[in-house]
Amino acid sequence: MAERGFWWIGFLFLFIIFAIIVLDIALFISLVRPGDERRQMIVGKASLWSFIGLVGCFALRFAENLIRGTSEGMNPFTMLATAATMYFVFLLYFKRKYGG
């Protein structure tokens with residue numbers, strides 16, 4: 001009986017997975033789409049700050065594994081989702097800042 005009340009969690013999970021896949025595809029399209037110098041600067045800054053954030057994430061994960069004495073790997077889907085989310089957050093920030 002309790003299982004019937006949580007049917008929406010499956011739909012929420014599928015929605016989140018679908019949203020992440022759409023973000024990943026939009027990331028690649030955004031990077032290869034041509035534009036003027038201002039758009040290239042905005043995309044470049046968003047890419048740079050996303051890269052810095054991912055390197056920081058890798059460094060923290062490396063330090064955690066070093067301290068714990070384990071060698072756990074990272075889930076590539078999670079890292080790609082994190083990269084896409086960070087990229088679009090920074091892209092929206094820089095578009096607002098520089099008028100895009």
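In this predicted model, a nonpolar patch lies on the surface, formed by Phe-6, Trp-7, Trp-8, Ile-9, Phe-11, Leu-12, Phe-13, Leu-14, Phe-15 and Ile-16. Together these residues have about 1100 Å² of accessible area. One of them, Ile-16, belongs to helix H1, which covers residues 7–32. The relative accessible area of Ile-16 is 41%, and this residue therefore counts as partly exposed, a class that lies between the limits of 20% and 50%.

In soluble globular proteins, nonpolar side chains tend to be buried together. Which residues make up the largest nonpolar core here? This core has nine residues, namely Leu-27, Ile-42, Val-43, Ala-46, Ala-84, Tyr-87, Phe-88, Leu-91 and Phe-94. Two elements give two or more residues each to the core: helix H2, residues 37–68, and helix H3, residues 76–98. Helix H3 gives the most, with five residues.

With a relative accessibility of 5%, Phe-94 falls under the 20% limit and so counts as buried. Which residues does Phe-94 contact, once its neighbours within four places in sequence are left aside? They are Ile-42, Lys-45, Ala-46, Trp-49 and Gly-99. Of these, Ile-42 and Ala-46 are also listed as members of the core.

Phe-94 also takes part in pairs of aromatic rings. A pair of aromatic rings is described by the distance of the centres and the angle of the planes. In this model, the count comes to four aromatic pairs. In one of them, the ring centres of Tyr-93 and Phe-94 are 5.1 Å apart and the planes stand at 70°; because this angle is over 60 degrees, the pair is edge-to-face. Tyr-93 has a relative accessibility of 48% and is therefore partly exposed.

How are the rings of Phe-94 and Tyr-98 arranged? Their centres lie 6.2 Å apart and their planes are at 15°, which is under 30 degrees, so this pair is stacked. Both residues lie in helix H3 and are four residues apart, about one turn of the helix. Tyr-98 is partly exposed, with a relative accessible area of 28%. Tyr-93, Phe-94 and Tyr-98 form one aromatic cluster, in which Phe-94 is buried.

The next topic is charge. Side chains of opposite charge can pair when their charged atoms come close. How many salt bridges does a search of the whole structure find? The search finds one, and this salt bridge joins the side chains of Glu-64 and Arg-68, with a distance of 3.6 Å from N to O. Both residues lie in helix H2, four residues apart, about one turn of the helix. Glu-64 is partly exposed at a relative accessible area of 30%, whereas Arg-68, at 55% relative accessibility, is over the 50% limit and so counts as exposed.

Asn-65 also lies in helix H2. Is Asn-65 buried or exposed? Its relative accessible area is 11%, so Asn-65 is buried. Apart from its neighbours within four places in sequence, Asn-65 is in contact with Thr-70 and Glu-72.

How values were computed. Residues are numbered from 1 along each chain as its sequence is written. This is a predicted model: local features need pLDDT of at least 70, side-chain atom pairs count only at pLDDT 80 or more; totals for chains, interfaces and linings use all residues. Side-chain values use heavy atoms; hydrogens and water are left out. A nonpolar core is a set of buried Ala, Val, Leu, Ile, Met, Phe, Trp, Tyr and Cys residues joined through side-chain atoms within 4.5 Å. Buried means under 20% relative accessible area, exposed over 50%, partly exposed in between (1.4 Å probe, protein chains only). Contact means heavy atoms within 4.5 Å. Rings of Phe, Tyr and Trp (its six-membered ring) pair if their centres lie within 6.5 Å; planes under 30 degrees apart count as stacked, over 60 as edge-to-face and the rest as tilted. A salt bridge is a side-chain nitrogen of Lys or Arg within 4 Å of a carboxyl oxygen of Asp or Glu. Patches are made of residues with over 30% relative accessible area and no salt bridge: like charges are joined within 9 Å, nonpolar side chains (Val, Leu, Ile, Met, Phe, Trp, Tyr) within 5 Å. Accessible areas come from the Shrake-Rupley method with a 1.4 Å probe; for residues, only the protein chains shown count as cover.
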